[in-house]
Amino acid sequence: MFDKKQKWTGEEERIIFHFSEDYRQFLSKVKTEREFVKEGIILAEKNGFKAAEMFTKYVPGDKVYYVNRNKNLVLVVIGQEDLEQGIHYVVSHIDSPRLDLKANPLYEELDLAYMKTHYYGGIKKYQWASIPLALHGVVVLESGEVIEISLGEEEKEPVFTIPDLLPHLAGKYQGERKTSEVIQGEELQILVGSMPTKVETEEVKDKIKQNILEILKRNYGMEEADFVSAELELVPAGKARDIGFDKSLIGAYGQDDRVCGYTSLRAILEITNIPMKTAVCFLADKEEIGSTGSTGLQSDFLNYFTGDILEKTKGSYHEMMLRRTLWNSRALSSDVNVAMDPIFKGVHDAQNAAKVGSGVVVTKYTGARGKSGTNDADAEYVAYIRKILNEGDVCWQTGMLGKVDEGGGGTVAMFLAHLGINTIDIGPGLLAMHSPFEVASKLDIYHTYKAYKVFYQAK
């Protein structure tokens, strides 16, 4: 029987708060998938991991990392057992809902300069209006030079915002709209300036827009045409914060799914022995839009790096060897679940819903009505997970994504399962998931880390 009791006791409380403070600081620093990969590489190298290109052969105990297009990071600890007996994968995604600048975003109207955006992932659009936003990302100039941008996180830096309509005038204009349309996609435009250029010329019609372009040229060396080859994301500005009088919760942007990315990363970094099974921490991209593209889990990257591990470990590689390895492997799709909120408990089956502070959530299946679009873990694998969590003294619970006909959602689990890998979803429950300020319990965060650490070491 699993333990759902509160574990705020003695020494463990101190450990939970210490771990959560490290996580809070990391989350404040890392707000995009590129930033996560960059910081992850720094931590990996500090803990003895080396880039895969530095190896021609792997032996048990080697610590290796792979990078894919600066948006995927894979950490590997080579185990004692033959790879064809299976690998233990923990797979998290490090992208989060956000606003992306369009390829031609900048315009001027009514003496104001705005930039147009396109939202990424599932959001309630109205939540992104009238809050401070920071700009993160890269611009690749025509010369090929890569310019990194992070603006709006420091106190003296400017922020951006999407001005909402005042309630005095919103009655008919917004009041009759559906909730999903209170702010429409094309209205998600950020305010970026109101001062005209100081350069006197009759050739320039939009002088405020011109001033913005001059600032961009001066600060980043970019021209207006360089927006085409840019990946610039608007995210909520500000640091992750403790919540509550007792500071038992953390509120922040992007905890779906960087809470799992961080805990799975920490867990593999702290492997000091040679595990029986080869351990893999895979930090993926694009989950929020269906795991598409060359950095999403529907790409062939998992096969690519697993094949490379086989070749450098066994000295040879062929397709059947890879298929056998994957078929004998186990995985945790390390993604968050929803925690039941007493204010909105009507959307849940309380008997089967996850609760804040009751530990990491084991989710047998996600999907929508009728389990559509899910991996449904088999009973034998669920029993294996129960056993190792209980033996590892992990506080855990089960959960679902709402009532049967209420909604649902997907994770990367089904893409792992398509390869024949035994897979189940495990991660903490969140309040206000997909909002600009998601909430997680420090106890749940710590036991998520503890669950991944147990899995990496399991036989």
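**Notebook: a predicted model, site by site**

I began at leucine 169, which sits in the loop between strand 8 (146-151) and helix 3 (170-173). Helices (H or I, at least four residues) and strands (E, at least two) are DSSP runs, numbered from the N terminus. The model is predicted, so I took local features at pLDDT of at least 70 and side-chain atom pairs only at pLDDT 80 or more, while totals for chains, interfaces and linings use all residues. Residues are numbered from 1 along each chain as its sequence is written, and side-chain values use heavy atoms, with hydrogens and water left out.

**Entry: surface patch**

Leucine 169 is exposed, at 57% relative accessible area. My cut-offs: buried is under 20%, exposed is over 50%, and partly exposed is in between (1.4 Å probe, protein chains only). Leu165, Leu166, Leu169 and Tyr173 make up a nonpolar surface patch. Together they have about 390 Å² of accessible area. Areas come from the Shrake-Rupley method with a 1.4 Å probe, and for residues only the protein chains shown count as cover. Patch members have over 30% relative accessible area and no salt bridge; like charges are joined within 9 Å, nonpolar side chains (Val, Leu, Ile, Met, Phe, Trp, Tyr) within 5 Å.

**Entry: histidine 93**

Is histidine 93 buried or exposed? Histidine 93 is buried, because its relative accessible area is 1%. I found two polar contacts for its side chain. One goes to the side chain of aspartate 256, at 3.2 Å. The other joins the side chain of glutamate 287, at 3.1 Å. A polar contact is a pair of N or O atoms within 3.5 Å; within protein, one must be able to donate a hydrogen and the other to accept it, and residues adjacent in sequence count only if both atoms are side-chain atoms. I then listed contacts (heavy atoms within 4.5 Å). Leaving out neighbours within four places in sequence, histidine 93 contacts Asp256, Asp257, Arg258, Ala284, Glu287, Glu288 and Asp335.

I traced an open sheet of nine strands, in the order 1-2-3-13-4-14-18-16-17, with mixed pairing. Strand 1 (50-51) and strand 17 (396-398) are at the edges; each has a single partner strand, so one side of each has no neighbour in the sheet. Pairing takes at least two DSSP bridges between two strands. Strand 16 (residues 360-363) pairs with strand 17 in the parallel sense, over three bridges. Valine 360 is opposite tryptophan 396 there.

I also checked strand 20 (residues 438-441), which is covered on both faces. Glu438 and Ala440 are buried on one side, Val439 and Ser441 on the other. Strand 12 (residues 249-252) runs antiparallel to strand 20, joined by four bridges. Isoleucine 250 stands opposite alanine 440.

**Entry: salt bridges**

Side chains of opposite charge can pair when their charged atoms come close. How many salt bridges does a search of the whole structure find? The search gives 29. The criterion is a side-chain nitrogen of Lys or Arg within 4 Å of a carboxyl oxygen of Asp or Glu.

I looked at arginine 98 and its partners. Its side chain meets that of aspartate 100 at 2.6 Å, N to O. Arginine 98 and aspartate 100 are buried. A salt bridge also joins arginine 98 to glutamate 233, at 3.4 Å, N to O. This pair links distant parts of the chain, 135 residues apart: arginine 98 is in strand 5 (residues 98-109), glutamate 233 in strand 10 (residues 230-236). Arginine 98 and glutamate 233 are both buried.

Aspartate 376 and lysine 364 meet at 2.7 Å, N to O. Aspartate 376 is partly exposed at 33% relative accessibility. Lysine 364 is partly exposed at 34%. I also noted a salt-bridge network linking Asp22, Arg266, Glu270 and Lys453.

**Entry: two loop residues**

Glycine 61 is in the loop between strand 1 and strand 2 (63-68). I found it partly exposed, at 28% relative accessible area. Beyond neighbours within four places in sequence, glycine 61 contacts Ile78 and Ile274.

Glutamate 84 lies in the loop between strand 3 (72-77) and strand 4. Glutamate 84 counts as buried, at 12% relative accessibility. Not counting residues up to four places away in sequence, glutamate 84 touches Lys314, Met321, Arg324, Thr325 and Asn328.
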